[in-house]
Amino acid sequence: MIFLSSGFLLLVGALLIIYYVLPKRFRYLTLLAGSVVFYALAGKRYLPFLGVTIVSVYATARLLGRSQDRQKQYVTEHKKDLSKEALAAYKKGEGKKRTAMFLACLLINLGLLGALKYTGFLLSALRAPWEVHWVLPLGISFYTFQSIGYLIDVKRGKYPPERNFLKYALFASFFPQMIQGPISRCDMLSKTLYEGADFDLDRIGRGLVRIAWGAAKKLIVADRLIRFALPVFGSGYTGSLVLLQMVLYAMRLYADFTGGIDMALGVGELFGVILPENFDRPYLSKSIEEYWTRWHMTMGSWFRDYVFYPLNVSKPFLKWTKALRTRFGNGFLSRLPLYTATLVTWLATGVWHGAGWNYALWGLTNGVVIILSLTLKPLYERFHRRFPGLKATRGYGAFEIVRTFLLMCLIRLWDIYPTPWHVWSAFSSLFVNFRSGVLGSILPELSVGTGDWIVVLAMTALMLFVSLKKGEGSFRTKYLNTSVRLWTAAALLLILTLLLGAYGPGYTASDFIYGQF
Amino acid sequence: MTFQQLLILLRDLHPDIDFTAEEGLIDRKILTSFDVVSIVAELSETYDVELRAVDIVPENFNSAWALFALIERIENE
C-alpha cells in the first residue's frame, strides 16, 4: 500500500528537504520530479500512458487558447468594417475548429481510458472467445478526468491555458492525488501548486496531523474491518448478517477513503499545496441528494459541472422541456429531460468507478432513488405542513440521518455482493429472513476478538466526535490552534496508530478501495 | 426580466428563504443542482434568457442579485 510504504515516506522526506532548500521559483520542479519518481515506483510501464494524457491535453489546450486569442484580436480589428452577421459567421467557424480539436483530444484520452479499463469486461460480456488483461495505470480515472475538466474549462474560456509545460505536467500528475484523488480544478490548485511555499513549521505540523489522522483511520479501522466484512455466503442470506455487513462496510469504506484523502491532503500541506476537500461529514446527511454533496465531493462536482449541467442546459434538452411543459403542464412528465440527465449522469458515474454490471447498476440505483425523492417531494411538503415544527426537532433530524445512512448502505449492496442475483437475495433477506438470533451464534465464530471490536468502536466514536465538534470548519483550526497542541496531537495520533493499527505479522496493509477505480 | 420576476421564480422553489438578503445560496447548500436546473429551464422558457453551462458557477447563483446581474449581462449581449 503505497502511501504507508517506507519508500513513500523516504520520498516525501527527501522531497521536503530539497523543496525548502531550493529557491522558491524552482520548488515546483521538485514536486514534478517527485511525482515522476512516485509514478515510476508505482510502475514504470504506467508512465507512457500518463505521458500521452499530459502531452495531448497540454497541446490541445494551447491550441484552443491560441484560437481564442486570434478570434478576440480579429473581432477587435474588424468590429467596424464587418457586419454583425459576418463576425458571427467567423466566430462560428473558429468555434467549430476548436470543437474539432477538443473532440479529437477527448477521443484520445477517453479512448485510452475506455480501452484499458473496459475492453476486458466488454469482451467477456459479449462472450468473445478471447481474453485480454491489459495494464491499468495507477489513478488513470482520476488524472484523465482532472485533465478533461481542465480542457473543458479552457475551451469554455474560464481561464487561459497554462503556457509552461512543466507546470501543466505537475498539475496533471501531482503525486499525492494520483492514488484516489481528489480531482482538482486547475484554477484552484495552481494558486498554491506553482508558487513555492515558505517554510512554516506549524503548517508542516498541521500536515503531519492530517497524515497521522488519515493513517489512524486506515490502519486502525479500515484494515481491521477487512476481517469483519467478509461476504456471507451459504445456503441463503440471513437478514441480520446482511445488515451487519452493510454497516461494517460503510464504516470501512469511510475510514479507508477519507483516511486516504486525509493523507493526500496532509502531504500536499507539507509543501504548502492546498488540495480540495473531498468530504464534509457525509454520514450526517439528511437526504441522498445532500449526501452526494458531502461524499467524494470532487467527483460529484465534476459530473455535475461537466455532464449534468451541460446536458440540462443544452438546446435539445431545453426544447424538450418546453415541449413537454406546453403539453403536460408542470407535472412528472415535464421533468423527463431532467430525469434523463440524472440517469445519464449517474450511469456515467457508475461506469467511471469500474468495468462491471454492478457499477452501472449502482449508478442507476442512485439516480432512481434521487428521482424518486424528487418526485415525492410534494408529499413530504404536505406531510410537514400537517405537522409543522416536526422537521426542526432533534429527533426527526436524527431519523433523517439514520434513514439516509441506511439507504446509502442498501445502495452499496452492489459494491458488496458480486452479482445482481446475490444483491437481490441479500436485499430480500432483510425483510423475509432477518433472524436476529443468528448474530449471537455467528459473532463468536468470526476471527475477531473482543479487543478488535473495542478498538474499532472506540475509533469510530472518535471519528464521530471529531465530525460533530468540527462543525462546518476545520477541527485543527478550531482546537489545535497552538504549536504545542498541534505537535502533541501529531505525536499522540502516531503513537495511537503504532499501538492499535492493523500491521505487522499477520497483517498486510491493504490497498485503498478507491485506488482500484 | 425584472428583479421582482426573478424573486417570484426563486420563491416558488423555496418560499422560506429571504432571497433579497441571502448571499450563500450555493455555498450554504440552499439551492440544489436540481433547483439550479429548474431556474435555468424557467428562465429559458418564460423569459427567453439562455444560460450556458459556463454561467452555472456558484458566484452567479449565490444570491438573487448575482443571478440578476448575470441575466442582465446575457440580455445585453
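## Two domains of chain A

In this predicted model, 21 residues of domain 1 of chain A are in contact with 23 residues of domain 2 of chain A. On the side of domain 1 that touches domain 2, the elements giving two or more residues are α4 (84-125), α5 (140-156) and α7 (186-193) of chain A. Sorted by class, that side of domain 1 of chain A holds twelve nonpolar, eight polar and one charged residues.

The two parts of chain A are bounded as follows: domain 1 covers 23-196 and domain 2 covers 203-516. Taken over C-alpha atoms, the centres of domain 1 and domain 2 of chain A are separated by 29 Å.

## The largest nonpolar core

The largest nonpolar core has 118 residues. The members that touch the most other members are A:F171, A:M178, A:V209, A:A212, A:V221 and B:V40. Helix α9 (residues 239-270) of chain A gives the most to this core, with 16 residues. Both domain 1 (23-196) and domain 2 (203-516) of chain A give residues to the core, so it lies between them. In soluble globular proteins, nonpolar side chains tend to be buried together.

## Chain B as a whole

Chain B has four helices and zero strands, and its pattern along the sequence reads α-α-α-α. The radius of gyration of chain B is 11 Å, close to the 11 Å that the globule rule gives for 77 residues, so chain B is as compact as a globular protein of that length. Along its principal axes, the C-alpha trace of chain B spans about 30 × 25 × 20 Å.

Of the 77 residues of chain B, 27% count as buried. Among contacts in chain B with a separation of 6 or more, 60% come from residues 24 or more positions apart.

## Where the chains meet

The contact between the two chains takes 14 residues from chain B and 17 residues from chain A. By class, the side of chain B that touches chain A is made of eight nonpolar, three polar and three charged residues.

As for confidence, the predictor gives the complex an ipTM of 0.88 and a pTM of 0.90. Chain B has an average pLDDT of 90, and 100% of its residues score at least 70.

A:Q71 is placed in helix α3 (residues 47-78) of chain A. Not counting residues up to four places away in sequence, A:Q71 touches A:K91 and A:E94. A:Q71 and A:A426 are 355 residues apart along the chain, and their C-alpha atoms are separated by 59 Å.

In chain B, B:V49 lies in the loop between α2 (33-47) and α3 (58-61). With 17 other C-beta atoms within 10 Å, B:V49 is partly exposed. Leaving out residues up to four places away in sequence, B:V49 touches B:M1, B:L43, B:S44, B:I71, B:I74 and B:E75. B:V36 stands 13 residues from B:V49 along the chain, with 14 Å between their C-alpha atoms.

## Backbone features in loops

Most residues other than glycine have a negative phi, and most peptide bonds are trans. The peptide bond from A:G181 to A:P182 is cis, with omega near 5 degrees. A:P182 is found in the loop between α6 (165-173) and α7 of chain A.

A:R127 has a phi near 55 degrees, a positive value in a residue other than glycine. The loop between α4 and α5 of chain A holds A:R127. A:R127 is exposed, with 6 other C-beta atoms within 10 Å.

In chain B, the phi of B:K29 is positive as well, near 60 degrees, and B:K29 is a residue other than glycine. B:K29 lies in the loop between α1 (3-13) and α2 of chain B. With 13 other C-beta atoms within 10 Å, B:K29 is partly exposed.

Definitions and conventions: Residues are numbered from 1 along each chain as its sequence is written. Chains are lettered from A and ligands numbered from 1 in the order in which they are written. This is a predicted model: local features need pLDDT of at least 70, side-chain atom pairs count only at pLDDT 80 or more; totals for chains, interfaces and linings use all residues. The radius of gyration is taken over C-alpha atoms; the globule rule is 2.2 Å times the number of residues to the power 0.38. A residue is buried if 20 or more other C-beta atoms lie within 10 Å of its own, exposed if 12 or fewer, and partly exposed in between; C-beta atoms are placed from the backbone. Two residues are in contact if their C-beta atoms, placed from the backbone, lie within 7 Å. pLDDT is the predictor's confidence in each residue, from 0 to 100. Domain bounds come from an automatic or database domain assignment. Ala, Val, Leu, Ile, Met, Phe, Trp, Tyr, Cys and Pro count as nonpolar, Asp, Glu, Lys and Arg as charged, and the others, Gly among them, as polar. A nonpolar core is a set of buried Ala, Val, Leu, Ile, Met, Phe, Trp, Tyr and Cys residues joined through C-beta atoms within 7 Å.
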